[in-house]
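Here is a friendly walk through one chain, from a single side chain out to the whole fold. Keep the viewer open as you read.

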Amino acid sequence: MTDDRHTHRMQRKKDVVDERISRATEERGVLILLKGNGKGKSSSALGTMARALGHGQRCAVIQFIKGRRETGEYLFFRNQLNLDWHIMGQGFTWETQDRERDIEAAQSAWAVAKGLLENPDYHLIVLDEMSYMFKYGYLDPLPVVEALNQRPAHQNVIITGRTMATPLQEIADTISTVQDERHAFRGGVKAQAGIEY
């Protein structure tokens, strides 16, 4: 490709991007859903949270499943100013083997999350692995949708999990799907600190 052709092509691309930027005038918080069977949904959410913290914004994390061991991300972020971290889960459902206890844990986590969604001091809330609560019938998505719709206008929310309840997808601003092409665990590689937890 010649320099002139490259310059012309990049100018056309810039014109398209500039036009999109000029149309994006609404200022408000967004609902982001990170779903799919691939690795990296929670990591993406926490990376976004690191950005918000870097801008001095108040953030919170509610973990709906993790809870049996301290994860590397918790160990890293736990002393961060402007961050509240709530480990509410009892571990994965196939480990707990106690549906009633899992339901109680989900409802307790949702009570904390609902309070945060009503608090205008928070700029970003991460509801980590919340989608499983709907899949297993531990939570009804409709009250969650109602709380999301009534949250402070500036507040951003990220929900992670493999599948997402349809009512959540209907109100989401951004939905990203992380696909699984290959995973070391299926190849016999043991889960390790710093990668899986």
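Bear in mind that the model is a predicted one. You will find His123 in the loop that links helix 5 to strand 4. Setting aside neighbours within four places in sequence, the contacts of His123 are Gln57, Arg58, His154, Gln155 and Asn156. Another histidine, His6, sits 117 residues away in sequence, and the C-alpha atoms of His6 and His123 are 41 Å apart in space.

**A buried glutamine**

Now let us move to strand 2, where Gln63 is found. Is Gln63 buried or exposed? Its relative accessible area is 2%, under the 20% limit, so Gln63 is buried. The side chain of Gln63 has polar partners: Trp85, whose side chain is joined to that of Gln63 by a contact of 2.9 Å, and Asp128, whose side chain makes a polar contact of 3.5 Å with that of Gln63. Asp128 is also the bridge partner of Gln63 in strand 4. Beyond residues up to four places away in sequence, Gln63 touches Glu73, Trp85, His86, Ile87, Met88, Gly89 and Asp128.

The rest of strand 2 is covered too: five of its five residues are buried. Cys59, Val61 and Gln63 point one way from the strand, while Ala60 and Ile62 point the other way. On one hand, strand 2 runs parallel to strand 3, with five bridges joining them, and Cys59 has Leu83 as its bridge partner in strand 3. On the other, strand 2 pairs with strand 4 in the parallel sense, again over five bridges.

In what order do the six strands of the open sheet lie? The order is 3-2-4-5-1-6, and the pairing is parallel. Strand 3 (83-87) and strand 6 (174-177) are the edge strands, each pairing on one side only. From one strand to the next, the twist averages 10°. Pairing of this kind, whether parallel or antiparallel, is made through backbone hydrogen bonds.

Helix 2 and helix 5 both lie across several strands, and the table sets them side by side.

| Helix | Residues | Lies across | Angle |
|---|---|---|---|
| Helix 2 | residues 41-54 | strand 1, strand 2, strand 3, strand 4 and strand 5 | about 165° to strand 4 |
| Helix 5 | residues 99-117 | strand 2, strand 3, strand 4 and strand 5 | about 165° to strand 2 |

Which residues of helix 7 (residues 141-150) are buried? They are Pro141, Val144, Val145, Ala147 and Leu148. Seen down the axis of helix 7, these buried residues fall within an arc of 165°, so they line one face of the helix. The face turned away from that buried side carries the exposed residues Leu142, Asn149 and Gln150. The cover over the buried residues of helix 7 includes strand 1, helix 5, helix 6 (131-135), strand 5 and helix 8 (166-171). At the start of helix 7, a side-chain oxygen of Asp140 comes to within 3.0 Å of the backbone nitrogen of Leu142.

**The chain in numbers**

Stepping back, the chain has eight helices and six strands. Read from the N terminus on, its elements run α-β-α-β-α-β-α-α-β-α-α-β-α-β. The C-alpha trace spans about 65 × 45 × 35 Å along its principal axes. Of the 197 residues of the chain, 37% count as buried. Among contacts with a separation of 6 or more, 77% are between residues 24 or more positions apart. The chain exposes about 12,100 Å², and carbon and sulfur atoms supply 47% of that area.

Definitions and conventions: Residues numbered from 1 in each chain as written. Predicted model: local features only at pLDDT ≥ 70, side-chain atom pairs only at ≥ 80, totals over all residues. Heavy atoms only, no water. Pairing = 2+ DSSP bridges. Helix = DSSP H or I, 4+ residues; strand = E, 2+ residues; numbered from the N terminus. Axes fitted to C-alpha atoms, helices over the stretch in contact; angles between N-to-C directions. Contact = heavy atoms within 4.5 Å. Buried < 20%, exposed > 50% of the residue type's maximum accessible area, 1.4 Å probe, protein only. Arc of directions from axis to C-beta. Polar contact = N/O pair within 3.5 Å; in protein donor to acceptor, adjacent residues only side chain to side chain. Areas by Shrake-Rupley, 256 points an atom, 1.4 Å probe, with all protein chains shown as cover.
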